[in-house]
Amino acid sequence: MEAQLNGVRIAYDDIGKGVPVVWVHGYPLNRSLWAPQAGALADCARNIIPDLRGWGASEAPSGVYTMEVYASDLRALLDELGLDRAVLAGLSMGGYVALAFLRNYPERLRGLILIATRAAPDTLQVAEGRRANAERALQEGVGSIVEPMVERVLSPATLAGQPGLVRAVRTMVLASRPRGVAGALLGMAERPDSRPQLPAIGVPALVVGGADDTIVPPDELRQMAEQIPGARAVLLPKAGHLVSLEQPDAFNREVRAFLGALDARAG
Ligand code: MLT
């Protein structure tokens, strides 16, 4: 499906019945990241799965895609679908977007699923690296910038034992476009510190990560979860940064239990 949101054509899937969950992919990915969730959770969730602007089948306007811009697109998607509130589930950059959504539209949020993400902003050095890469992506193309991500986002177990999945991730990563990559890199580089928001989170939250994630290491994820009222970090073995893709059964079990508890609370 497609919608015109904030003047940009956004592609999305809308699959299942139940608690509305907006699945927000990370960088440099697209909505095919959520293939193992879309069908498997369709009996308990209405899975709304967009390609963020600049990614997948969505339009890629030029400019800086701040986390606020992405969050505003998602709020417009909820408006388009006539939904007052939804759970936001974001992986890595998707989590930065979920925290921006929380900052700007807390009344539209029913719950948060934060996956392999962090609330801290970039260090100056990381932000500088991102700006340099954004420039390179626009000048030289994205291949050399995104290709190394394939090995970084997967656990040793996945790299050794799931060649089909490794190929799928490579295909997803190499589908990136220069404006999408540059827009996201520049936006991530200027994102604010979300840590002060954590103790005030007023909706149920689930925090999930991969025990072998080197991008958001387990200790960092645990520290973030400790700051969120009622939350704890669930770390799944044999999973790296793309935990929902690498260990879908265990991941989906956690989500199903979380959504079940949300429903019970509402009822
Ligand atoms: C992601 O997976 O979205 C990225 O690794 C996030 C980042 O670069 O900070």
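Q: Which side chain has an N or O atom 2.8 Å from an oxygen atom of the ligand?
A: A polar contact is a pair of N or O atoms within 3.5 Å. In this predicted model, the side chain of Arg 130 makes one, with an N or O atom 2.8 Å from a ligand oxygen.

Q: Where does a polar side-chain atom of His 241 lie?
A: It lies 2.8 Å from an oxygen atom of the ligand.

Q: What part of Met 93 is 2.8 Å from a ligand oxygen, backbone or side chain?
A: Check the atom, not just the residue name. For Met 93 it is a polar backbone atom.

Q: How much of the ligand does the protein bury?
A: Start with the ligand alone. It exposes 270 Å². The protein buries 94% of that area.

Q: Which residues surround the ligand?
A: Gly 26, Tyr 27, Ser 92, Met 93, Tyr 96, Arg 130, Met 188 and His 241 surround the ligand. Sorted by class, this shell holds 4 nonpolar, 3 polar and 1 charged residues.

Q: What is the space taken by the ligand?
A: That space is the largest pocket.

Q: How many salt bridges are there?
A: The rule pairs a side-chain nitrogen of Lys or Arg with a carboxyl oxygen of Asp or Glu, within 4 Å. The count here is 17 salt bridges. One of them joins Asp 14 to Arg 46, with the closest N and O atoms 2.6 Å apart.

Q: Why does the pair of Asp 14 and Arg 46 tie together parts that are apart in sequence?
A: Look at where each partner sits. Asp 14 is in strand 2 (residues 8-15), and Arg 46 is in strand 4 (residues 45-50), so the pair links parts 32 residues apart in sequence.

Definitions and conventions:
Residues are numbered from 1 along each chain as its sequence is written. This is a predicted model: local features need pLDDT of at least 70, side-chain atom pairs count only at pLDDT 80 or more; totals for chains, interfaces and linings use all residues. Side-chain values use heavy atoms; hydrogens and water are left out. A residue is near a molecule or strand if one of its heavy atoms lies within 4 Å of it. A polar contact is a pair of N or O atoms within 3.5 Å; within protein, one must be able to donate a hydrogen and the other to accept it, and residues adjacent in sequence count only if both atoms are side-chain atoms. Accessible areas come from the Shrake-Rupley method with a 1.4 Å probe; for residues, only the protein chains shown count as cover. On a 1 Å grid over the protein atoms alone, a cavity is a set of points where a 1.4 Å probe fits but cannot get out, and a pocket is an open set with protein on both sides within 12 Å along at least five of seven lines; lining residues have an atom within 4 Å of a point. A molecule sits in a cavity or pocket if more than half of its atoms lie within 2 Å of its grid points. Ala, Val, Leu, Ile, Met, Phe, Trp, Tyr, Cys and Pro count as nonpolar, Asp, Glu, Lys and Arg as charged, and the others, Gly among them, as polar. Helices (H or I, at least four residues) and strands (E, at least two) are DSSP runs, numbered from the N terminus.
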